[in-house]
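Please read them alongside the coordinates.

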Amino acid sequence: MVNTAISVSDLSKKYDDRLAVSHINFEVPLGTVCGFVGPNGSGKTTTMRMLLGLITPTTGQGHILGEPIEHPEKYLSRVGAMIEGPAFYPALSGHENLMVLARLGGFPAERVQTLLEKVGLGDRGKSKYKTYSLGMKQRLGIAAALLPEPKLLMLDEPTNGLDPEGIQEVRALLRDLANDGTTVFVSSHLLSELEIISDHIVMLRKGEIVFAGPIEDLMTKQQPIIIAKTLNHADLSHIAEIAEKSGHHAVIRDDAVHISAPIEWAPTLNRAAFDAGITLAQLAPQLPNLEETFFEMTGDK
Amino acid sequence: MLDVIRAELRKLRRPTLFLGTMGAVVFFSGLFSALLYLLIDSPQGNADRGQVISREVLALASGGVQGFANVGGFLGIIALCVFAAQTAQEYTYGTLRNLLVRQPSRMKILLGKLIAMKLFALIMIIFSAIISIGTSVVLAPTVDVSTDLWFSSEGIEFIYTTFLNVTISVVGFGIIGMVLGLLLRSPISAISFGVLWLLIVENLLVAVENSTQSWLPGSQLTIIATGGSADVPYTQALATGGAYVAVGALVASILFLRRDVAN
């Protein structure tokens, strides 16, 4: 009995001299929502393409729903995917585009209208794809990915171009699918979104795995950080300087200084700020969220 | 395989493509055939490169399909454009990845596309045959060309033979278009290259050195449509043209089967 939807071992992809994906290993358990995160160019899309049989790995093995990725014909009928944004024929309507894919995969034609309604395009199915907004194109891409009633759904940046309401709908849709037993493997640059819906996280940087595992494991490993806000906005950089001088990494983000330091250091900072004539408006410990953890682990800002 | 063909046909039957292509086929088939009769007494000739096709030749059993055979090369250019565009657009739109996720057998995708496009070409050829022969039947009496032999048993055989030859020629042009689409992965590049080569480069080469028409690919396929020419026998054109198409198709298929789909 296979209990992993995706398992990857020593998987690499080399383009000329550039290693796009470097010997990565990770597993995604069945029935979970797994967030796949990493900066642009970190190898997320390349990895997804290898898993879908679109490109051949340079080294390593992978299994999807228990089948080797060298034989995509054995598993793709159970996999839905949208890679690198939606791609459809502009001169065909949304309905016709889905019909092309339904015919190709041998799926029932009736499913097309059901899916259009499910993603909120029920009344625009007859409009040509080229008249769709970015958000509508994205919804059509998700509908196409759901055509096979997938056991595994792989989505690359599915919330791109969606308004907040649309993002919320996609989030709910993915959660519902996971509750029904579908494994969801989703990449997004909106880490706050992934934090809400993901059970697992795979973190990639420069083609290498930074973290792969349950999201709780990731978050509990992280030290709390100190958030400092000043009355005068101009003093933020001074606070960051004080922290750096004391050997603590500090980043100014969202009108606050985020300092990677033990909570016990907060009174010291308070005194140093007072001595420097800076009035603190807020000084509080906080568990880092996924975005902060990501920046911390990848060293990016 | 049937699913791939049906999926491809759904794209090919969209009104802008289908009606646009058939409109062009009807117009040019009518025009090529009409010019045979309207310019029959013109000193500039009434056929390709100033040739004169006389009343006596047109009155033969093969006369009814003369216009249809002449338009064969042009139908080939249309087929080349359609096949090239339909193939290359999968790369430019990024839709190839969708197709391969739904049908991972690349050979099935390729063959299914080819069969669907052949069906499209066949409809095009049937339209062309009806318009060409119909135009000839209407115009022949107006310039004193007898049509008595056109629908004799020998005439019917000419219709069948010409239909087959035009079909072979058009499918050959189409496969070359598909090969260009797969190699260049851009409809504009594939069509530009194909049309420039066939309409300009080959015509210039033949004008400069007539013997080149015995081996240039476009010339071979055009000669197949007309059932052979004075300089190049039908069987030679069939063998040489067939070799070009087979080698091109082999190279493009191997590339398509092995190449990463990275866009």
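1. How far apart do the end C-alpha atoms of residues 6-231 of chain A lie, and how much of the span is helix and how much strand? The end C-alpha atoms are 49 Å apart, and the span is 32% helix and 30% strand, where helices (H or I, at least four residues) and strands (E, at least two) are DSSP runs numbered from the N terminus. UniProt, in an unreviewed entry, places the feature "domain: ABC transporter" at these residues of chain A.

2. This is a predicted model, in which local features need pLDDT of at least 70 and side-chain atom pairs count only at pLDDT 80 or more, while totals for chains, interfaces and linings use all residues. Residues are numbered from 1 along each chain as its sequence is written, and chains are lettered from A and ligands numbered from 1 in the order in which they are written. Chain B averages a pLDDT of 90 (the predictor's confidence in each residue, from 0 to 100), and 100% of its residues score at least 70; for the complex, the predictor gives an ipTM of 0.83 and a pTM of 0.81.

3. In the contact between the chains (C-beta atoms, placed from the backbone, within 7 Å), 25 residues come from chain A and 23 residues from chain B. On the chain B side, helix H1 (2-12) and helix H5 (96-102) each supply at least two residues.

4. B:Leu75 touches B:Val25, B:Met124, B:Ile125, B:Ser128, B:Val166 and B:Val170, leaving aside residues up to four places away in sequence.

Methods
Two residues are in contact if their C-beta atoms, placed from the backbone, lie within 7 Å. UniProt positions are given in the numbering used here, feature names are shortened, and annotations may be inferred rather than shown by experiment.
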